[in-house]
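The sequence and structure are shown first.

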Amino acid sequence: MSPEPNRVREEKLLEKIAAGGKIETIEEMSDDYRGHLTNLMMMQADSELAGAFGYVPWIQKSPDIKETLQVAQIVKDEVRHARVMYRLLEGLEVDVDEYYRSHNFNLRVDKDDIGTLRAADDKRVNIFYYPIERWSDFIMFNFCMDRGAGHQLEDSLDCSYKPWCDGMEGIFKEEEMHMAHGDQWAKRLSQDDKTHDDIQAAFDKWYPRTMNIFGRANSPKNAIYRKYGLKKRDNDEVRRAFAADVAAKAAAFGLKVPDWKPVAAQMSDEPFIPG
Ligand SMILES: [Fe+2]
Ligand SMILES: [Fe+2]
């Protein structure tokens, strides 16, 4: 049996999604749907992996043995998330082994601000190009970025591609634990006079970087993702939910939320996905 023409697959797929149904097989996908889905999942997979690699040195540099185990667990979680996502991509006929071999997920930039630009041809969300140089960076990465990822990934939990929803369930729970780790430490470091300024400085660094990951408001690409049921909200709506969540935590912990302005000229069309 020859496959249905692309136009027919597209019509059927949109109908199914509009009726609240989910896509489960590659045969049901139109070329466009498959392309956008692959792109979004690739962004998540690369971010999970680059995130894990960036944390690795902190297994050894953590403040105590309890934290060494904690960081090792987080690294393992992120590698698992990457593996889950790459397996889904294999299901979409991506040559993951070749891709893995030909990209450097250890690459980091030495600039303080790359706005919304990427530093290489992998698809990680650009915050994963910054190095984690201090313990307070690690904590603020958990506090800001894991929280940002949580807000962004909320849409994938109930997106139109069923295998992605299924994979996200476990990932989401683990991300919540990473965020809780960041919260505990952010509170503790902020409320101690000796460490308050250091954790505030890390907040000043990581908050704007996280605010930059969500993509610009009313982007045409976001509209396509929503048409395909791969996203549910506008980029700016997700960013505002994240900002409100952070503001409440910061107030409770005695931290001052830094200023942030959209990077107008280079604001990416590409909404972030995960970490
Ligand atoms: Fe995480
Ligand atoms: Fe993750």
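1. What radius of gyration does the chain have, and what would a compact globule with 275 residues have? The chain has 19 Å, and a compact globule would have a value near 19 Å, so the two agree. The radius is taken over C-alpha atoms, and the globule rule is 2.2 Å times the number of residues to the power 0.38. Along the principal axes, the C-alpha atoms fill a box of roughly 70 × 35 × 30 Å.

2. This is a predicted model, in which local features need pLDDT of at least 70 and side-chain atom pairs count only at pLDDT 80 or more, while totals for chains, interfaces and linings use all residues. Residues are numbered from 1 along each chain as its sequence is written, and chains are lettered from A and ligands numbered from 1 in the order in which they are written.

3. The chain has 10 helices and zero strands (DSSP runs numbered from the N terminus: H or I of at least four residues for helices, E of at least two for strands). Of the contacts with a separation of 6 or more, 73% join residues 24 or more positions apart; a contact requires C-beta atoms, placed from the backbone, within 7 Å.

4. Helix α7 (residues 162-191) has 30 residues and should span 44 Å at 1.5 Å a residue; its end C-alpha atoms are 43 Å apart, which agrees. The expected span is 1.5 Å times one less than the number of residues. A kink of about 30 degrees in α7 is centred on Met168, the bend being the angle between axes fitted to the seven residues ending there and the seven starting there.

5. Of the 275 residues, 41% count as buried (20 or more other C-beta atoms within 10 Å; exposed means 12 or fewer, partly exposed in between, with C-beta atoms placed from the backbone). The largest nonpolar core has 61 residues, and those with the most contacts inside it include Met41, Ile139 and Trp206. Such a core is a set of buried Ala, Val, Leu, Ile, Met, Phe, Trp, Tyr and Cys residues joined through C-beta atoms within 7 Å. Its largest share, 11 residues, comes from α2. Beyond its neighbours within four places in sequence, Ile139 contacts Gly182, Trp185, Ala186, Leu189, Ile199 and Ala202.

6. Two loop residues other than glycine deserve a check. Glu93, in the loop between α4 and α5, has a positive phi near 65 degrees and is exposed because it has 10 C-beta neighbours inside 10 Å. Asn218, between α8 and α9, has a positive phi near 55 degrees and is exposed, with 9 other C-beta atoms within 10 Å.

Technical notes: Contact = placed C-beta atoms within 7 Å.
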